[in-house]
Every structure is written in structure tokens, then in C-alpha cells.
Amino acid sequence: MTNDLRIGPHGRDDDVTRTLRDIYASPDDPAFWDALEARILARVVAEGDAWWLPFQEWMRAGLVAAGIIVAAAALTLAQLHTDSRREAMQSVIETPRTLAHQMATETSPLPDREATLRLVTAP
Amino acid sequence: MQTTAIARRMRPVYPPPAEPDRREHERSLVIEAQGGSRDAFAALVRLHQVRAFAVARAITLTREDAEDAVQDAFLHAYRALDRFRPDQPFGAWLNRIVANAALDIGRRRKVRDADQLPETVATPFRDPAADAELRARLEDGLSRLTGRQRAVIVLHDVQGYTHGEIGGMLSIPEGTARSDLHHARAALRRMLGDMWSTEP
């Protein structure tokens with residue numbers, strides 16, 4: 001036991017120690033301990049072998065697995081979306097232009113009037 | 001008669017250190033309990049409930065909360081018994097669980113009523129009014145400390161645990177337990193300050 005409380009001056013530590021011990025004294029009555037033991041054991045019997053406890057472990061593992069699956073699915077979807085966009089862009093870039101489009105967009109050494117005429121008469 | 005009552009109150013709140021025989025007995029009880037024997041677990045409860053209650057009481061504000069913490073802790077220990085190594089001291093393992101359960105209850109309960117404690121046994125040479133005032137002020141001061149501060153001051157100064165043992169129970173380094181004790185004492189001293197303004 002340590003009596004060195006150093007809380008109160010003028011030798012009052014003994015008072016503090018004595019009062020603290022009094023406040024925190026464990027009950028002397030054996031009936032208290034019998035009752036506490038009975039309550040502990042009753043809870044152990046009622047809740048100690050709870051059938052859902054193993055399932056709680058499985059549930060935790062299941063939640064983690066589900067989280068991983070959802071994350072993987074989201075990544076796959078995002079990847080597919082990116083691929084399809086890239087393919088669409090690629091197809092636009094690589095599609096050969098129609099003659100009319102080519103004539104309309106390319107600069108021509110011909111005078112403007114002839115170019116317009118060719119555009120109008122083009123099939 | 002009164003002397004006997006005081007002697008009963010002043011005795012250590014936990015059993016004396018375990019002898020080798022007792023340690024071996026405890027180990028065999030643990031192994032039996034791990035094998036499914038409820039009787040063996042009941043024997044472990046009987047062996048350790050007084051100390052477990054003292055640890056819980058050091059942390060909680062009321063005796064009822066300490067009882068709840070002890071029940072929670074033994075239930076948790078029962079469920080976790082498979083993971084306990086019987087060559088380790090069961091009491092130290094249990095005390096850690098009890099301290100956690102008590103701190104958990106303290107966190108869950110914001111408001112509590114004052115504990116209903118038995119009357120102080122006044123010694124003939126003391127002023128009962130001063131005793132009552134000191135007790136009331138101490139209880140008030142202790143209720144204002146954090147759960148951990150209250151725990152270190154009671155576990156060390158009242159129950160005699162070392163800083164290392166307290167650190168183990170509360171899952172904090174020994175140095176932290178030491179500094180918590182210093183701050184808790186200082187806080188309590190400040191709260192009792194005006195009581196000490198005159199010589200006793």
C-alpha cells in the first residue's frame with residue numbers, strides 16, 4: 001500500500017487516504033459477493049454461448065467480401081466505360097471521310113466559284 | 001467492535017499474491033474452463049471477482065456501474081477464453097478486460113447519480129462534520145476527474161498497484177500512468193484547495 005498521496009498539506013494526507021479507502025472499500029457482506037457471482041454466471045449461461053456469435057464473425061467476413069466484390073465491379077464498369085469511349089473516339093478518327101466532306105473541308109487551289117459548283121453537283 | 005469494523009475496512013481489497021500452488025490450481029481451472037467446464041469457470045469467478053470489482057470500482061463512479069462492468073468483463077472473458085494462454089496470469093488478463101469494460105461504461109453514461117455509500121466510520125478523535133465534508137468534497141472532486149485519472153489515483157494510492165500494473169490494465173505506457181497520476185493528484189489538490197486554507 002502506498003500512503004504517499006501528497007494531495008493535502010499539513011499532514012492531512014492521512015485523512016485523504018482514509019476517506020478514499022472508505023469510499024472505495026469493497027463490500028464486506030458475503031451476500032453481496034454471492035449475488036454478484038450468481039449474476040455473472042447467469043449472464044454467462046444466457047449469453048456466453050450465444051448462437052449468433054459465430055455468425056457475427058461470418059457476417060463480418062461476408063461484409064468485407066461483399067465490399068471487395070462491389071469495388072471490383074465498380075472498377076470493371078469504369079474500365080469498360082473508358083474502353084468504349086476510347087473505341088468510339090477511335091472510330092470517329094479513323095473513319096474515311098466522304099468525298100463531299102473532303103471537298104467541303106479541304107482547301108482547294110480552285111477559285112471559290114468552281115469549288116462551290118463542284119460541291120453542288122457532287123452526288 | 002468499532003476497531004474490528006475499521007480493521008475490516010482497512011484490509012487490502014484484493015487477495016495476497018498467489019502462491020505457486022494457487023497459480024497451478026488457477027491454471028488447471030483455466031484449462032478445464034477452456035474445455036467447456038462451467039464449474040471451473042465459476043471457480044475462476046469466485047477467485048477473481050473481488051479484485052475485478054475493486055478495479056472496476058476504481059474507474060466507475062458508482063458501485064452499480066462497477067457491478068455491470070464486472071459482469072460484462074467476465075462474460076467477455078468467457079467468450080474469449082479460447083484465445084487465452086493458460087501459462088499467462090489469468091488475473092492480469094482479466095483486469096485488462098475489466099478496466100476496458102469499466103472505461104466503456106464510463107464513456108456510455110454521461111450522467112449518473114452519486115453512489116449510495118455506507119456511512120463513514122468515524123474515529124473517536126475526529127470531527128464527524130469535517131469527515132463528512134472531506135468525504136463529500138473528495139467524492140465531488142473524484143467525479144470531476146476523467147475515468148482514467150480516477151482510475152490511476154485509486155488503483156495506485158488506494159489499492160497499491162504499481163505504475164506498470166496500472167499501465168497494463170489501462171493499456172497505456174507506464175510513463176503515461178505515472179504522469180496521469182501526477183496530473184490527477186494535482187487536479188484533486190486544486191479541488192480541495194480551500195479546505196486546506198487553514199491549519200487542521
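This briefing describes confidence, helix packing and local backbone features in a predicted model. Residues are numbered from 1 along each chain as its sequence is written, and chains are lettered from A in the order in which they are written. Local features need pLDDT of at least 70 and side-chain atom pairs count only at pLDDT 80 or more, whereas totals for chains, interfaces and linings use all residues. Helices (DSSP runs of H or I, at least four residues) are numbered from the N terminus.

**Confidence**

- The predictor assigns the complex an ipTM of 0.71 and a pTM of 0.62.
- The mean pLDDT (the predictor's confidence in each residue, from 0 to 100) of chain B is 79, and 76% of its residues score at least 70.
- Within chain B, helix α4 (residues 63-79) has the highest confidence, at a mean of 94, and helix α1 (residues 2-10) the lowest, at 40.
- Residues 1-14 of chain B have a pLDDT below 50, and this stretch makes 18 contacts in the model beyond near neighbours in sequence; two residues are in contact if their C-beta atoms, placed from the backbone, lie within 7 Å.
- Residues 111-126 of chain B also have a pLDDT below 50, with 17 contacts beyond near neighbours in sequence.

- Helix α2 (residues 30-47) of chain A packs against helix α3 (residues 38-59) of chain B at an angle of about 135°, and their axes are 10 Å apart.
- The two helices, α2(A) and α3(B), are therefore oblique to each other; angles under 35 degrees count as roughly parallel, over 145 as roughly antiparallel, 65 to 115 as roughly perpendicular and the rest as oblique.
- From α2(A), the residues making the contact include A:Trp33, A:Leu36 and A:Ile40, and those from α3(B) include B:Phe41, B:Val45 and B:Arg46.

**Helix α7 of chain B**

- At 1.5 Å a residue, the 12 residues of α7(B) (residues 147-158) should span 16 Å, which agrees with the 15 Å between its end C-alpha atoms; the expected span is 1.5 Å times one less than the number of residues.
- Because 10 of its 12 residues are buried, α7(B) is largely enclosed by the rest of the structure; a residue is buried if 20 or more other C-beta atoms lie within 10 Å of its own, exposed if 12 or fewer, and partly exposed in between, with C-beta atoms placed from the backbone.
- Among the buried residues of α7(B) are B:Arg148, B:Ile153, B:His156 and B:Asp157.

**A loop residue of chain B**

- B:Ser171 lies in the loop between α8 (163-170) and α9 (174-191) of chain B.
- B:Ser171 is exposed, with 11 other C-beta atoms within 10 Å.
- Most residues other than glycine have a negative phi.
- The phi of B:Ser171, however, is positive, near 55°.

Conventions:
Axes are lines fitted to C-alpha atoms, for helices over the stretch in contact, and angles run from 0 to 180 degrees between N-to-C directions.
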